[in-house]
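Notebook open, structure loaded. I want to go through the ligand shell, then the domains, then a few strands.

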Amino acid sequence: ATVIRLEDYRPADWLIDTVDLTVSLHPTATMVRATLALRPNPAGAVDAPLALDGDELTLVSAALDGAPLGLDAYTATSQGFTLPHPPRRAFTLTFETLLNPTANTKLMGLYRSSGVYCTQCEAEGFRRITYFLDRPDVMSVYTTRIEADAREAPVLLGNGNPVESGPLDGGRHYAVWHDPHPKPAYLFALVGGRLARVGRRFTTRSGREVELGVYVEPGKEDRAGYAMDALVRSMRWDETAFGCEYDLDVFNIVAVSDFNMGAMENKGLNIFNDKYVLASPQTATDADYANIEAIIAHEYFHNWTGNRITCRDWFQLCLKEGLTVFRDHEFSSDERSRPVKRIADVRNLRAHQFAEDSGPLAHPVRPNAYREINNFYTATVYEKGSELISMLKILIGSEAFRAGMDLYLRRCDGTAATVEEFLACFAEASGRDLSHFALWYRQAGTPSLMAKGAYDEAARTYTLELAQATPPTPGQETKEPVVIPVRLGLIAADGEELQLRLADGRELADGLFVLDAPAAKLTFVDVPTQPTPSLLRGFSAPVKLRIDLDEDDLLRLFRHDSDPFNRWQAAQSVATRLLLRAVDAVKSQGEPGFSPRFAEALGALLAATDDHAFAAQVMALPSEADIAREIGQDIDPDAILEARRALRASVGRLIGPRLRQVYDGLASGEAYSPDAASAGRRALRNAALDLFAAGDPEAGAELAAAQFEAADNMTDRFAALAVLAQIPGERREQALARFAALYETDPLVLDKWFALQAAIPEPGTLERVRALMSHPAFSLANPNRTRALIGSFAMANLSQFNRADGKGYDLLAEVALKLDDANPQLAARLLGAFRSWRSLEPGRRAKAESALRRVEAKTPLSADVADIVSRCLA
Ligand code: B3K
Ligand code: ZN
């Protein structure tokens, strides 16, 4: 496939002002009639031919200004339509194309999911419906008439507002929708099917009445309430936090069961993976509820950041995604606990983005070239993109940030914008030069921030030396220093926060130091005692902090830091030190031994805290993948697994009684509620059970088995099952069987069951996964099933995916090869599990490489998979 480059961008030669569609739905022969009103783009080339995009299209007829086009007037293939000599004026083109939604297994364009017709057009799916200038800077007003069999598809939904509907001959009916807001084709959507509606009314701040609808599979209405509630809270929040008000008379959300990603922000008609809509206490965990809230908010927030203001081209993807992730993080922080949300987000950032950024798939937040755009919906564009917004806010301050957002929303409304235009609004609002900051968008790789402190008792000064370096990434050998906001504090032995007075008389406002050079030296004066530095508070920049603090320092931070994020970080750092030493011990055939002070500190926290969610985060030790990333090269996943097991067992034994006490003390007789406080209580109780069982598997399994049976909600039942899954034996197999029997008709719950088993860190898991692939409820045709079983094995089971014999890689390669034709996007996604293969020890590396080569050899190979595999191997 050809490489598309940012530097080659030029405006479209033609604009399409309106699109009139008639879509006559039929399972295998859907007829689409599209009339496009074209005119030359004043900013485009003068004598340009008209070349429209297409993908797997069957053209039935083509007409210009209503008159059928002669065969010699155009060329059309399944992949495009060209008019070599288009009129040099405004004109219309009318196409009839014939689609087979049932055969559309790629889940891009118009397809059917459990009989429901739905669409997915981002990034390049509209060209699978009709010929079009399928690029985000071509924005049109759409009118969509949908016709369907009234029994097969009683519900017909489109973008914008409903205009009219009624019966047709032959048991069919129709509905017309009109979206007054010009939009790019990727935001087009329609839905037709037998769906149940949960409705609510919302009055916007200025008094617009909006009909809200959440559409789900009939019979599942009772699982749509939380999504609706989250939607209403999102709408309210966006009005207050960003002044963004909804702009149509209706807002609909449809849940479908076959979806390549989480959800899609189509204008006025969001389409969701049902996993992120459906929830009941009996079927969804607290984590599911939190995800639903976040994703409902995210898609809704796109209405302004993404839809009203869209992207000029796909290189600007972070303009909508990074910003909208930032907005949904802010929302969840306001709705729940800000520090706990920050910890969870940073865990996620490190697990996905840092991993991506340190391997062959690393790319800048704004990439400058791509072969397959679908492969750039990445942790870097989304999560690092969001971190850049966080930093921007820290650097210019909350007020200027809000002023910049207001300016952006006003100035760029109705346009397809760029990162430069976005940043210009903040430069203007703050009066600051953001040109150096902009480097974050162009430069890939995670910077390391090296810090070194020295106390001079006689002079009562503390010197902090900071330096930064970014390792090379594919295509970027040398790196420049970036702008790093470092929030910091100094903490005395008694936990007192010390004044931050610099030798040159400056004070650090809000404890913020901005490192914009390769290195800097800060000398603090009037420092009465040897301090411990607390750096990067709140994780003020997406960097790797390298500072040599000893256990005393870290435990002091853990106990006393006023910044909750750094308290959590300190505990993680202590655990990481212990784990790294234990890995070395395991590798040299020694016994890992642990200082008891970490366990004691956890015990002390448990005795004192009433922030349950925070304590639960502290109790969750660094994951195997976290440890692997710390080690960085020549990774032996088995040694990591063993070291981590040993630490968990040791902590569990040392504070067993305390864990048991916490477990018993947090039992609740109240009915389940998904609110943050209740969820925090369950999280801590289940974390206590988990560590307790690590220390005493017998007693732990007994508690877990009892909890499994008694639980009245999925959070507690599944947490118990997860504990049991770690302990080999009959009891585990019985519990797994019982769970399957309880939920055999509930695919989303079975996904948890698939995922849990695929993540069991034992050699037998490979055979288990293979056996589960033949389970009647499993299907490679369904992305949720596939991600649950295969994705979990490849992404959440470090030791078994990376088996020394390479059989884990073989399994993934085999699945990817099977999926390549049917659903290349999903195949490519799964293959992302190879992103860290070069950091493994040589034996595994060789096995991973040969699996990748096997995938590479398939012909034909989809562009999606070819792109991932070739970058992995480069
Ligand atoms: N914008 C969509 C993602 C589309 C992915 C296309 N491969 C969902 C979101 O980010 O909100
Ligand atoms: Zn998004």
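**Residue classes, before counting.** I count Ala, Val, Leu, Ile, Met, Phe, Trp, Tyr, Cys and Pro as nonpolar, Asp, Glu, Lys and Arg as charged, and the others, Gly among them, as polar. With that, the shell around ligand 1 comes out as five nonpolar, three polar and four charged residues.

**Confidence check.** This is a predicted model, so I looked at the scores before going further. The mean pLDDT of the chain is 98, and 100% of its residues reach 70 or more. I also noted ipTM 0.99 and pTM 0.99 for the model.

**Ligand 1, who is there.** I listed the shell as E122, A123, M261, A263, M264, E265, H298, E299, H302, E321, N374 and Y377. Which elements each supply at least two residues of that shell? I found β20 (263-264) and α2 (286-301). By domain, I get at least three shell residues from domain 2 (195-308), and at least three from domain 3 (310-442) as well.

**Domains.** I wrote down the assignment for the chain: domain 1 (1-66 + 74-193), domain 2 (195-308), domain 3 (310-442), domain 4 (448-541) and domain 5 (743-874). How far apart do the C-alpha centres of domain 4 and domain 5 lie? I get 43 Å between these two centres.

- UniProt puts "domain: Aminopeptidase N-like N-terminal" (unreviewed entry) at residues 89-187. I read 0% helix and 55% strand there, with the end C-alpha atoms 27 Å apart.
- The record's "domain: Peptidase M1 membrane alanine aminopeptidase" (unreviewed entry) covers residues 226-437. For residues 226-437 I have 55% helix and 9% strand, and 39 Å between the end C-alpha atoms.
- "domain: Peptidase M1 alanyl aminopeptidase Ig-like fold" (unreviewed entry) is placed by UniProt at residues 445-546. Residues 445-546 are 0% helix and 44% strand, and their end C-alpha atoms lie 16 Å apart.

**Strand β2.** Next I followed the partners of β2. Strand β2 (residues 14-24) runs antiparallel to strand β3 (residues 30-40), with ten bridges between them. I found S24 opposite M31 in β3. β2 and β3 make a hairpin, and five residues sit between them. In which sense does β2 pair with strand β12 (residues 139-149)? That pairing is parallel, over seven bridges. For L21, I noted T144 as the bridge partner in β12.

**A three-stranded sheet.** I then turned to an open sheet of three strands, ordered β4-β8-β7, with antiparallel pairing. Why is one side of β4 (50-53) and one side of β7 (75-77) left without a neighbour in the sheet? Both stand at the edges and have a single partner strand each, so one side of each has no neighbour there. From one strand to the next, I get an average twist of 5 degrees. Looking at one pairing in detail, β7 and strand β8 (residues 80-83) are antiparallel, with three bridges. T77 is opposite G80 in β8.

Notes:
Residues numbered from 1 in each chain as written. Chains lettered and ligands numbered in written order. Predicted model: local features only at pLDDT ≥ 70, side-chain atom pairs only at ≥ 80, totals over all residues. Near = placed C-beta within 6 Å. Helix = DSSP H or I, 4+ residues; strand = E, 2+ residues; numbered from the N terminus. Domains from an automatic or database assignment. Pairing = 2+ DSSP bridges. Axes fitted to C-alpha atoms, helices over the stretch in contact; angles between N-to-C directions. UniProt positions renumbered as here; feature names shortened; annotations may be inferred. pLDDT = per-residue confidence, 0-100.
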